[in-house]
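Please read the numbered points below alongside the sequence and the model.

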Amino acid sequence: MSTNQSLRIFTRALASNETADAPTTTVKMRVTNLNFYYGAFRAVADVSLDVPDRRITAIIGSSGCGKSTLLRTLNRMGDLVPNARVEGDVLLDDESIYAPNVDVVDVRRRVGMVFQRPNPFPKSIYDNVTFGPRLLGVNHRADLDAIVEKSLRAAALWDEVKEKLHESGFALSGGQQQRLCIARALAVEPEVVLMDEPASALDPIATYKIEELMHQLRDEYTIVIVTHNMQQAARASDFTAFMNMNAQRAGTLVEFGPTKEIFTNPHQKETEDYITGRFG
Amino acid sequence: MPRDTFGGELANLKNQLLQLGMDTERTIGEGVNALKTRDRALAQAIIAHDAEINRVRYSIEEQCYELIATQQPLASDLREIISILLIAIELERIADHSKNLGEIVIHMGDEPLLKPLIDIPRMAEITQSMLNQSLDAFSRKDAAMGRAVCNRDDEIDNLYQQIFRELLTYVMQDPRTVNRALNLLFAAHNLERIGDRITNIGERVIYAATGQLEELNIERPAT
Amino acid sequence: MSQAMSLRASRTRYALRKFINTLMLSLTGLATLFAIIPLVWIVVYITREGGRYLSVDFFTQLPTPVGVPGGGIVNSLVGSLIVVGIACLIAIPISLVAALYVADHPTTPLGVLVRFSTDVLSGVPTIVVGMFAYALVVLPQRHFSALAGSVALAVIMVPPVLRTTEEMLKLVPRNLREGSLALGASNWKTSLQVLLPAALNGIVTGVMLGIARVAGETAPMIFTAFGNPFFNTDLSQPIATLPQTIFVYAISPYQDWHAKAWATAFVLIAAVLGLNIAARLLTWWRTRRLRLA
């Protein structure tokens with residue numbers, strides 16, 4: 001996609017932000033002309049995207065279109081891949097997270113992440129939640145107790161586990177484990193929470209619980225969720241970005257706009273074809 | 001290509017709607033014919049046929065619900081199914097107006113017509129043509145054509161006004177004609193309502209094609 | 001009719017399949033049996049030969065000269081504990097840290113080098129390792145010592161413990177590591193606080209197997225710890241160990257000492273077996289507690 005085209009897309013998205021979603025939204029994270037390379041292979045090409053503050057932004061697209069890769073550039077998890085390279089920039093509150101003097105640890109504390117498969121640590125529920133705060137130097141028992149309760153309540157898990165905080169996180173069901181991971185991410189009080197297909201390993205009821213939870217978190221956190229479940233994006237997000245592979249198999253942003261609009265009346269033919277399942 | 005099955009079901013549903021549309025279009029012509037020729041047998045047949053049209057409408061409605069519930073259509077698919085549903089309802093109402101024409105014929109019995117029918121068949125022709133055109137626009141997802149259909153509703157409204165004034169003149173000259181005049185006015189009124197419903201269909205065509213909800217030909221207050 | 005035919009045909013195939021299945025099952029069963037026969041045989045034989053010499057004195061007394069009845073192996077028992085213990089203190093931290101590095105950086109030159117050298121090292125005959133420890137520790141000190149024995153055993157222990165740990169770390173799901181990094185943990189905190197605990201069961205097993213392996217090493221002991229008929233806990237002095245004691249007793253011409261060799265062998269085997277069972281119980285208990293399975 002040309003820069004012009006992407007520029008047009010996001011200007012339109014911005015414009016519709018203001019018209020479609022009555023209270024004007026501010027930009028929390030700004031992705032500008034982002035390219036991501038695995039070695040010589042360009043996995044994400046020229047993506048520009050504004051992530052609105054305290055809203056749920058869904059990234060949809062077919063497998064391998066670079067949506068997870070894009071998500072991982074938002075908290076520099078992409079750095080972990082050997083030979084990976086980032087061009088362009090990602091701003092968090094107008095500050096580049098790729099600037100040379102930026103500490104990755106700070107970025108990841110402000111931009112938390114929840115993964116596809118629940119990944120509680122082989123520790124107790126309590127120790128799972130306090131893992132992040134302890135890294136930050138919180139050591140007083142009373143402080144940690146308060147954080148555990150607050151985070152587990154925020155993750156809608158407190159009532160289910162308050163009697164067994166010192167049992168293993170593995171003793172929980174898949175859905176509970178995922179909410180534990182959300183609680184663990186919230187414990188360091190991030191501003192943005194990235195979710196990489198957080199419900200793809202869960203049954204429908206557990207999935208709805210996660211979506212409900214996202215909706216509650218929306219008041220305090222900016223959420224970016226990658227999902228290949230379009231219904232989930234339609235149900236649970238305020239804004240939707242559709243990504244697709246270009247001819248060189250690099251992921252590009254095709255369309256970004258209010259979810260209601262993307263799912264009833266997308267502007268790009270590619271989006272329409274994907275959403276209605278007439279792909280290819 | 002993925003979703004061929006769903007695509008097939010949607011195409012089939014669209015076909016059923018177009019069939020229903022042609023059937024409905026026919027009832028308008030038959031209604032006015034029955035009025036012109038005072039054919040009570042034909043009028044009875046139109047009234048009887050309305051039950052069949054209702055049945056088809058409910059069948060289409062049910063299939064729409066099933067597709068929505070089981071296939072979670074989105075974007076243009078969603079708009080198309082919703083439009084099919086709403087157009088089917090409009091068509092059923094149009095057929096009800098045709099049925100009203102039949103009932104007028106039976107109600108009139110052997111009473112002679114107040115005046116030779118000129119404008120009423122004209123109205124019927126235009127509505128039939130509009131209906132045909134709107135269904136064509138729907139099957140082609142042609143928003144411009146849908147909008148053009150809506151614009152033609154003005155012709156219907158003008159004819160209706162003309163008939164209204166004409167009948168009023170008859171009644172003023174001879175108040176005893178009021179009963180016969182009202183019968184014709186009622187027939188014209190039904191045709192005028194058919195025009196409005198076709199305008200609604202035109203709006204659905206535009207929505208299905210573009211996703212825009214526009215209200216066209218807002219009723220002007222009668223002059 | 002045709003259905004009946006095909007049913008009959010499938011019944012023949014079913015019989016054939018069942019026969020092959022039974023045959024293969026018997027073969028694998030037989031092979032398993034052959035594999036465990038030596039173990040059972042050794043345990044039974046050593047228990048019969050060595051068991052009858054066991055007494056409380058055997059564990060608490062020093063060796064007696066030839067012909068003097070009684071006497072025990074307390075010096076070798078304590079000696080083995082000391083030598084193996086010190087070897088563990090040297091080898092386990094090195095192995096774990098190196099394994100963390102190799103598991104994390106399998107493709108860097110250093111990672112490749114470490115892996116290659118451990119492979120080579122695990123193929124080096126233990127007697128050569130003994131000579132190496134002799135050159136490294138014994139020569140400068142000018143006398144045999146327990147420490148030299150520990151160094152030799154530590155060198156032998158590193159490769160298996162390192163490789164097992166590496167494999168166990170690789171089995172830890174990648175997203176556990178990512179989960180920790182995403183919370184802002186540094187690489188080494190992630191390794192120590194998340195990866196090691198997650199892989200602990202396997203690592204403990206690896207360490208236990210490593211201990212079991214070196215506890216029975218004889219050849220390197222001859223150049224290093226040397227042996228000592230007296231009770232010694234001084235690391236800088238020669239010290240007796242179980243395998244070296246077995247060796248000395250077994251090659252002696254005395255009937256009496258042969259019996260003691262069997263009894264010592266029994267103690268060694270029992271200790272190794274006991275260690276293995278303890279390791280299994282430990283991991284089983286931990287797994288149950290954390291429901292890691």
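1. Two strands pair if DSSP finds at least two bridges between them, while strands (E, at least two residues) and helices (H or I, at least four) are DSSP runs that are numbered from the N terminus. The model is a predicted one, in which local features need pLDDT of at least 70 and side-chain atom pairs count only at pLDDT 80 or more, whereas totals for chains, interfaces and linings use all residues. Residues are numbered from 1 along each chain as its sequence is written, and chains are lettered from A and ligands numbered from 1 in the order in which they are written.

2. Strand β8(A), residues 222-226, has parallel neighbours. Between β7(A) and β8(A) the chain passes through helix α8(A), residues 204-217, in a β-α-β crossover that is right-handed, meaning that, with the strands pointing away from the viewer, the path from the first strand over the helix to the second runs clockwise. Strand β3(A), residues 56-60, also pairs with β8(A) in the parallel sense, over 4 bridges, and Ala58(A) has Ile225(A) as its bridge partner there.

3. Why is β8(A) largely enclosed by the rest of the structure? The strand is enclosed because 5 of its 5 residues are buried, a residue being buried if 20 or more other C-beta atoms lie within 10 Å of its own, exposed if 12 or fewer, and partly exposed in between, with C-beta atoms placed from the backbone. In a regular strand the side chains alternate between the two faces of the sheet. Here both faces are covered, with Thr222(A), Val224(A) and Val226(A) buried on one side and Ile223(A) and Ile225(A) buried on the other.

4. The contact between chain C and chain A takes 18 residues from chain C and 23 residues from chain A, where two residues are in contact if their C-beta atoms, placed from the backbone, lie within 7 Å. On the side of chain C, α7(C) and α8(C) each supply at least two residues, and the largest share, 6 residues, comes from α7(C). That side divides into 11 nonpolar, 4 polar and 3 charged residues; Ala, Val, Leu, Ile, Met, Phe, Trp, Tyr, Cys and Pro count as nonpolar, Asp, Glu, Lys and Arg as charged, and the others, Gly among them, as polar.

5. Within α7(C), the buried residues include Leu176(C), Arg177(C) and Leu181(C). What covers the buried residues of α7(C) includes α3, β6 and α7 of chain A together with α8 of chain C. Just after α7(C), Gly184(C) takes a positive phi of about 90°.

6. Chain C has 11 helices and 0 strands, and buried residues make up 37% of its 293 residues. Its radius of gyration, taken over C-alpha atoms, is 25 Å, whereas a compact globule of 293 residues would have one near 19 Å, by the rule of 2.2 Å times the number of residues to the power 0.38.

7. Chain B touches chain A through 11 residues, which are in contact with 14 residues of chain A. Chain B averages a pLDDT of 92, and 96% of the residues score at least 70, pLDDT being the predictor's confidence in each residue, from 0 to 100.
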